Amino acid sequence: MARDLLRVEDLSTRFFTGEGQVNAVESVSFDVREGEILGIVGESGSGKSVTALSLVDLVESPGRVTAGQVWLRNPDLAEEFPDAADGEFVDLRELPKGLRRSLRGPTFSMIFQDPMSSFNPSITVGEQIAEAVEVQRRAKANPRSTRSRTQGYGLASYLVDGVVPGRDYTEDASHERAVELLEQVGIPDPAERADEYPHEFSGGMLQRAMIAQALAGEPDLLVADEPTTALDVTIQAQILELLRDIQAERDMSIVLITHDLGVIARMCDRVGVMYAGEIVERGTLEDVFDDPVHPYTQGLIGSIPDLDDPAPRLQPIEGNVPSLLDSEMDERCYFADRCPKAMRDCLEPPGEREAGGEEHAARCVLVDHEYDELDALPDDYFEPEGGDR
Amino acid sequence: MSDDRTLLEVEGLKKHYAENATLLDRLLGNERQSVKAVDGVSFRVEQGETLGLVGESGCGKSTTGETLLALEEATAGDVRFDGESVFEMTGAERAEFRRRAQVVFQDPFSSLDPRMTAGEIITEPLVVHDIADREERRDRAKELLERVGLSAGQVDRYPHEFSGGQRQRIGIARALALDPEFIVLDEPVSALDVSVQAQILNLLEDLQEELGLTYLFIAHDLSVVRHISDRVAVMYLGEIVERGPVDAIFEDPQHPYTGKLLESVPRADTSERGRRVDALEGDVPSPRNPPEGCRFHTRCPYAREACRAEVPGTYDAGVSGQRTACFRAVESHEYWESDPLDLDAADVDGEGSTAEADD
């Protein structure tokens, strides 16, 4: 079995908004092995994207990672920072901020859902990728200076820019590397396309360019947040093939975040299902798809119309995705109000239990005992008192 | 489900959007370019059935829906609703058509006025058509709310108080307010999460059965289209490339584009794992300047010289009622004698347009 590259333990991320505290990620644990594609699936508001951002340390104010550890296998760093180390692993959250940032690129990289808004529209695609290459090159030379143009170089630089607007930040070597990267992600005529602006690229081509940019630092782990959601199904197929090819070539690990169970099934070895900020079930693809124990996972699978064998009637999950406002979340199983098998036991927060099989685990009391109708919660248990339904 | 009475008949429908000529174009006498969003589409919808109109973004499926309801002015072609030509209707006839044919839009967040209550939104069609007084309208709104799975007590709430799925229910209630016979459902579930999507699909099926509705269901999601449709039409670049009974289209597609589309869809099943997809290469060409001959020939793995030279008609293929716009369905066609197209060369031809492919 491949070694772990990353171990996430009890990671929690909160957003402190005007309306109150939002518990976007709630004590999430999983590990990522070397050379695997790990899938995280969930509906909107399940916390899957915030989990991704928390991994690469990109959660922005008013959000903050409030608890947990992200252990990265890196013997060199473990030696340098013994206080934050556990064997060969080092807790990223204990490292100095500058060093953490310098890991972005050579260790982690991320691609996002919408390539159009991830590129600067006024700079050529090639230049933007060359810049990523340049940042990595400088970071290698001096880990403390990893600023890119978008972060600026201070007042002096600002004044110089005013006088010499076309000042190049990238060297020819970086530009050549950018063209090489564009070629590797399957962009035809990469040398010419490198001089074009983002609006001259189609959605699929721009997503390829974003992957090229993410590969600039030769990362060990690529975090892909809904990389094909904005694309048509035929273009999605191209991008998924590309991701799988570069994963195999470079023996990278990929964390693939999506709402599409089909994408998970095609790409992933193991999968975690998120609901209301928690991973409610995880295991191998077979565990989760063929033998799901959590009623949410079962409901999710029952909601999807089958392309090859259409069922006469879908089995949806009733109700709606819950609010993640701390003040509105009771200490209980967060799925209980929509769960067809909710029982008295579900009013306690369920811990994660092993569900048979080496990898299979779920946050559900049904792992321990069968559904008992005598113990069931009344249908209207979660209706607000004096409510109108 | 259908009793074989044609409710809607679309014949050679075209919708071109003209681009404004720039001053330079005028001085140079350049021809004005137009975007050929829908370019000669024909189909029928039978009473009580669901016709699925499926295609990728920019293929013209939504424009087809809007144009056949006369929400957009057609460039050419004819639409007959219950035997009457929609584009020639005047005054009272047009009003009656507007009552009988309704539409539900994709985005439940932008298609409801945030300053109107659910009740006002649902009964606005009644106000427009001057039906019923205030009290009766309110009763009707409550009845419709219950009909679509909300509660009568929510009649005075505003859209922001509802979730996405609930808002889409309000959109459906509004479409039902005038007792229509025909509803164009334009991507009604694509903005929703899968668990909520399934609720709405079930609701639409229930309503169809109870009220005898006829649907034109426009979507890009093939699994959803297969689930809900009786017959399907597949669009590519402003044209219908294949149509027929749903099972035939999904199990034995006759057009190479339909086949590629189906192959691309990731199935939510463990057998999907590691499946290599022979993905369709390249992007959709620009609808400003669609390829000569068969519009799919620049990406088609079976393309031959004949596909570039000649525009295909529609031919019977597969089961009864299945029609495809591909020469390969015609045994005696000269396609079979012509040379294979060099796809790479074709790529170079289409290169200038790939950048504009996305809309």
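Strand β3 (residues 50-54) of chain B is largely enclosed by the rest of the structure, because five of its five residues are buried; a residue counts as buried if 20 or more other C-beta atoms, placed from the backbone, lie within 10 Å of its own C-beta atom. Strands here are DSSP runs of E of at least two residues, and helices are runs of H or I of at least four, numbered from the N terminus. The model is a predicted one, in which local features need pLDDT of at least 70 and side-chain atom pairs count only at pLDDT 80 or more, while totals for chains, interfaces and linings use all residues. Residues are numbered from 1 along each chain as its sequence is written, and chains are lettered from A and ligands numbered from 1 in the order in which they are written.

Both faces of β3(B) are covered, with T50(B), G52(B) and V54(B) buried on one side and L51(B) and L53(B) buried on the other. Two strands are said to pair if DSSP finds at least two bridges between them. β3(B) runs parallel to strand β8 (residues 214-219) of chain B, to which five bridges join it, and L53(B) stands opposite I218(B) in β8(B). β3(B) also pairs with β9(B) in the parallel sense, over four bridges; there, L51(B) has R231(B) as its bridge partner.

In chain A, eight strands form an open sheet of mixed pairing, in the order β7-β8-β9-β3-β10-β11-β13-β12. β7 (108-111) and β12 (353-354) of chain A stand at the edges with a single partner strand each, so one side of each has no neighbour in the sheet. Within this sheet, β10(A) and β11(A) run antiparallel and are joined by six bridges, V273(A) having E281(A) in β11(A) as its bridge partner. α1(A) lies across β3, β7, β8 (221-225), β9 (253-258) and β10 of chain A, and runs at about 150° to β9(A). Such angles run from 0 to 180 degrees between N-to-C directions, the axes being lines fitted to C-alpha atoms, for helices over the stretch in contact.

A further open sheet in chain A consists of five strands in the order β2-β1-β4-β6-β5, with antiparallel pairing. Its edge strands are β2 (20-33) and β5 (85-86) of chain A, each of which pairs on one side only. Strand β1 (residues 4-17) of chain A pairs with β2(A) over 10 bridges in the antiparallel sense, and L11(A) stands opposite V28(A) in β2(A). Helix α1 (residues 48-55) of chain A packs on this sheet too, touching β1, β2 and β4 (63-73) of chain A, and its direction makes about 65° with that of β2(A).

The two chains meet in a contact that takes 42 residues from chain A and 41 residues from chain B, where contact means that the C-beta atoms of two residues, placed from the backbone, lie within 7 Å. On the chain A side, the elements giving two or more residues are α9 (203-215), α10 (233-250), α11 (261-267), α12 (285-290) and α13 (295-303). α10(A) gives the most, with six residues. This side divides into 18 nonpolar, 11 polar and 13 charged residues; Ala, Val, Leu, Ile, Met, Phe, Trp, Tyr, Cys and Pro count as nonpolar, Asp, Glu, Lys and Arg as charged, and the others, Gly among them, as polar.

In α13(A), P295(A), Y296(A), T297(A), G299(A), L300(A) and S303(A) are buried, and their cover includes α11, β10 (270-275), β11 (278-284) and α12 of chain A together with α7 (194-211) of chain B. In helix α10 (residues 256-264) of chain B, the buried residues are P256(B), Y257(B), T258(B), K260(B), L261(B) and S264(B). They pack against α10 of chain A together with α8 (222-228), β9 (231-236), β10 (239-245) and α9 (246-251) of chain B. G165(B), found in helix α6 (residues 164-176) of chain B, is buried, with 24 other C-beta atoms within 10 Å. Leaving aside neighbours within four places in sequence, G165(B) is in contact with N320(A), L192(B), V196(B), Q199(B) and I200(B).

Terms used. A residue is buried if 20 or more other C-beta atoms lie within 10 Å of its own, exposed if 12 or fewer, and partly exposed in between; C-beta atoms are placed from the backbone.
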